[in-house]
Structure formats: C-alpha cells, structure tokens
Amino acid sequence: MTAHSGNGGDSTGIRVASVDDIPEGEGIAISSDITGTDDDIAILRKEDGTCWALNDTCTHETASLAEGWVEGDDVECPLHSSTFNLRTGKVDGLPATRDTVAHRVEVRDGEVYLFPGERP
Ligand code: FES
C-alpha cells in the first residue's frame, strides 16, 4: 500500500465489505486485527446507502455500536440508547458523555473501503 503525503493516509484504504453485506440502517464490526486500530470499527450504513465508520465500543459502557441502529445522522447504542454523530463521532444523546472516533470511508463499485485514523 502507498502512503499519501497530502493526507497522511493510504491511497486505497482497506476493503472491508460489500455495501450489500450491510443492511440499511444497521452496521457490521471490523476487527482491530484487520484495521490495526485499538478498537474494532463499526461500519454503519444509512438508508441513503452511504456508509460511515466509528470506533465500535460505546464510550458509555462496552456495547457494540455495530449492533445499534442508524437514525438519521446518528447511530443509537443498543444498550442504553446514547447517540453518536456518524460524521464526527460526537455524542448527540446521553447517557454517554465522551465522543467516539470517526474514520473515513469510501464506497467504490459497491465495495466499502476504510481509512483507519483518517477523519471523514
Ligand atoms: S453502553 Fe452505549 S449507551 Fe450505555
């Protein structure tokens, strides 16, 4: 893989899924073994077909955000219903008080590519 000097990231990303593998309004978790990050990463698909990526572990306790639901521009945690903005990772709804980390995603030819550590 080749590094981009412009954005500090990889030019192609990591292919993690086909868009069709992710039901609309839901998510899948990608292991940190694949992403090379500290946490697993949740790939979340909005109903408009766009895909977004957040660290998978909710900052409130330890629920998987990939098991949550996409509501508008947020994902809702399945355990206590905290909401996080898909683009920024910011908390939009309690009880979580700490933001999570958002990562850049691209969809090319129906395949989802993840750029761990790059901001959307
Ligand atoms: S674990 Fe996510 S809101 Fe509590």
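**Loops, rings and a recorded domain**

Asp109 is found in the loop between S9 and strand S10 (111-115). Keep in mind that this is a predicted model.

Q: Is Asp109 buried or exposed?
A: The cut-off for exposed is over 50% relative accessible area. Asp109 reaches 81% relative accessibility, so this residue counts as exposed.

Q: What is the phi of Asp109?
A: Asp109 sits in the loop between S9 and S10. Its phi is positive in a residue other than glycine, with a value near 50°.

Q: Which loop holds Ser81, and what is its phi?
A: Ser81 belongs to the loop between strand S6 (74-76) and strand S7 (83-85). Ser81 is not a glycine, yet it has a positive phi of about 70°.

Q: How is Ser81 classed by its relative accessible area?
A: Partly exposed covers the range between under 20% for buried and over 50% for exposed. Ser81 has a relative accessible area of 39%, so it is partly exposed.

Q: Is Ser64 buried or exposed?
A: Ser64 lies in the loop between strand S4 (51-55) and strand S5 (69-71). The limit for buried is under 20% relative accessible area. Ser64 has 15% relative accessibility and therefore counts as buried.

Q: Which side chain makes a polar contact with the side chain of Ser64?
A: Leaving out residues up to four places away in sequence, Ser64 touches Asp56 and Pro78. The polar contact between side chains, at 3.0 Å, is with Asp56.

Q: Over which ring does the charged end of Arg108 sit?
A: Let's take two arginines together. Arg104 lies over the face of Phe115, at 3.8 Å from the ring centre. For Arg108, the charged end is 3.9 Å from the centre of the ring it sits over, and that ring belongs to Tyr113.

Q: How many aromatic pairs are there?
A: A pair of aromatic rings is described by the distance of the centres and the angle of the planes. To pair, the centres must lie within 6.5 Å. By this rule the number of aromatic pairs is zero.

Q: How far apart are the end C-alpha atoms of residues 14-114?
A: An unreviewed UniProt entry places the feature "domain: Rieske" at residues 14-114. Over this stretch the chain is 4% helix and 42% strand, and the distance between the end C-alpha atoms is 5 Å.

Terms used
Residues are numbered from 1 along each chain as its sequence is written. This is a predicted model: local features need pLDDT of at least 70, side-chain atom pairs count only at pLDDT 80 or more; totals for chains, interfaces and linings use all residues. Side-chain values use heavy atoms; hydrogens and water are left out. Helices (H or I, at least four residues) and strands (E, at least two) are DSSP runs, numbered from the N terminus. Buried means under 20% relative accessible area, exposed over 50%, partly exposed in between (1.4 Å probe, protein chains only). A polar contact is a pair of N or O atoms within 3.5 Å; within protein, one must be able to donate a hydrogen and the other to accept it, and residues adjacent in sequence count only if both atoms are side-chain atoms. Contact means heavy atoms within 4.5 Å. Rings of Phe, Tyr and Trp (its six-membered ring) pair if their centres lie within 6.5 Å; planes under 30 degrees apart count as stacked, over 60 as edge-to-face and the rest as tilted. A charge sits over a ring if NZ of Lys or CZ of Arg is within 6 Å of the ring centre and within 35 degrees of the ring normal. UniProt positions are given in the numbering used here, feature names are shortened, and annotations may be inferred rather than shown by experiment.
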